[in-house]
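Subject: Structure handover

Hello,

Here is the structure for you to look through. My notes on what was found in it follow below.

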Amino acid sequence: MVVSREETNKQFFLDRYRELGHRLTGDEKTPQAIRMNTIKTSDAEIMETLTSLDIKLTIVPYLDHGYVVEESRFSLGASIEYLLGLYSLQESASMYAAQTLAPNSGDTVLDMCAAPGGKTTQMAAYMGNRGQLYAVDVDRRRVYALENNLERCGVMNSLVYHGDVTGMELGTRFSKVLLDAPCSGNYVTDPGWFGKRSIEDVHRNAEIQRRLLSAAVRHLEPGGTLLYSTCSLEPEENELNMEWLLRNHEAFLEEIDGPGEKGLTEVFGQRLSEEISNSHRFWPNMTHTQGFFLAKVVKK
Amino acid sequence: MDPEVLMIDSKRFTLNQELKRRQFSRKGLVYAGTYLGWNKRLFEPGSPILQMLAAEENTRKVHLDRDTAWLFVCGRDVFEDNIERVESVLELGGHYLVMFDGRCIGYGRFETSAGIRVIRNLFDLGDFLRREDSD
């Protein structure tokens, strides 16, 4: 019998997750979700409009402005209300990153890997379109999508840069930094994931993420907060990177609450600092979202 | 150049007071503050400037129902008969903001096409989706 690479990989990764305490099937799904754009409308106003179009929405209890789409007769990415920027399509767990960082109008914020801008527009809304929101991305094609999103959503407080944020001098230090790092992703939002990914990819991404983490700490002012997130379930890109950060930078982790579980403090037989439990994991079997990891880092 | 307007390549932006106060690097900067539009052959306004104009009481506007508004954001012209309501009067050659549910979804010029009077579509918000395809 011939076993495909996809099946071998699937078993390999599912075995790893089992070792981390979760029996996943590899078939978990996340429902479509939208986030209301409070720069342009209120939840009540847009809910009334969408309900009149026979769209059934359910509020996500742990999100400020996030709703799961239970039923819709048309694509929510191509409605007049979407084009007007009254809402955005955004996966539920991914909304939790900017919500946890919770920037306000007094902050100077850096979004390090910003494109295509879902979290950037969300942070602009938290900031009430005030303060300064710097958004950087290295991929020019994706930066075009970011620019479109800022225009569509009515964002007025941003400065967008195209370039490599690890080597960039932006002329200021930031009170809040969001690093939603490029990562290996997960199978919930990418049906072909098991056929594409290997453990070598995970290690390669972890190296890139450490370079980005060092840059994030450099861009922060003392006492400033970094929100690190990935949509990867792999500890090398998450808890092990946080352990590395605590050993190599003057920083500590603040506790994150929410659905899901605390970050892991034992990974494949390796004991990590207890402080890592302040980070947070969305496991697809528990939260019915994609896999997601968050850590709130404060620079000393 | 108008000091209130920041040019980045052919795009024009305006900055709010908080961004104006800040000394920021121009290296690698591609977008700043509020996008006004870009210089093609003529100046082409972006969505934010249209929303600002729509907030003015004395701008010329035509209002559409949902079905006609949807055809408009798909790039179609609007037949005079399908205009639900006009603010000011329709004059051939005049430019009008095209409104749906109190918000601006684009603009056009009132003209005659093959003997039929239409709002010729000059810009609509469906451009966001078309740009994603062409970027």
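This is a predicted model: local features need pLDDT of at least 70, side-chain atom pairs count only at pLDDT 80 or more; totals for chains, interfaces and linings use all residues.

Q90(A) touches A33(A), I34(A), R35(A), M95(A), G118(A), K119(A) and Q122(A), leaving aside residues up to four places away in sequence; contact means heavy atoms within 4.5 Å.

Residues are numbered from 1 along each chain as its sequence is written, chains are lettered from A and ligands numbered from 1 in the order in which they are written, and side-chain values use heavy atoms, with hydrogens and water left out.

Back to Q90(A), which is found in the loop between β4 and α4 (92–101) of chain A. Helices (H or I, at least four residues) and strands (E, at least two) are DSSP runs, numbered from the N terminus. Q90(A) counts as buried because its relative accessibility is 7%; buried means under 20% relative accessible area, exposed over 50% and partly exposed in between, with a 1.4 Å probe and protein chains only. The side chain of Q90(A) makes a polar contact of 3.5 Å with that of S94(A) and one of 3.2 Å with that of Q122(A). A polar contact is a pair of N or O atoms within 3.5 Å; within protein, one must be able to donate a hydrogen and the other to accept it, and residues adjacent in sequence count only if both atoms are side-chain atoms.

Next, the sheet. Chain A has an open sheet of 4 strands in the order β2-β3-β1-β4, with antiparallel pairing; two strands pair if DSSP finds at least two bridges between them. β2 (56–59) and β4 (87–89) of chain A are at the edges with a single partner strand each, so one side of each has no neighbour in the sheet. β2(A) is joined to the antiparallel β3 (residues 66–71) of chain A by 4 bridges, and K56(A) stands opposite E71(A) in β3(A).

Last, the aromatic rings. The whole structure holds 18 aromatic pairs over all chains. Rings of Phe, Tyr and Trp (its six-membered ring) pair if their centres lie within 6.5 Å; planes under 30 degrees apart count as stacked, over 60 as edge-to-face and the rest as tilted. Y31(B) and Y35(B) are stacked, because their ring centres are 6.3 Å apart and their planes at 25°. Both Y31(B) and Y35(B) are buried.

Regards
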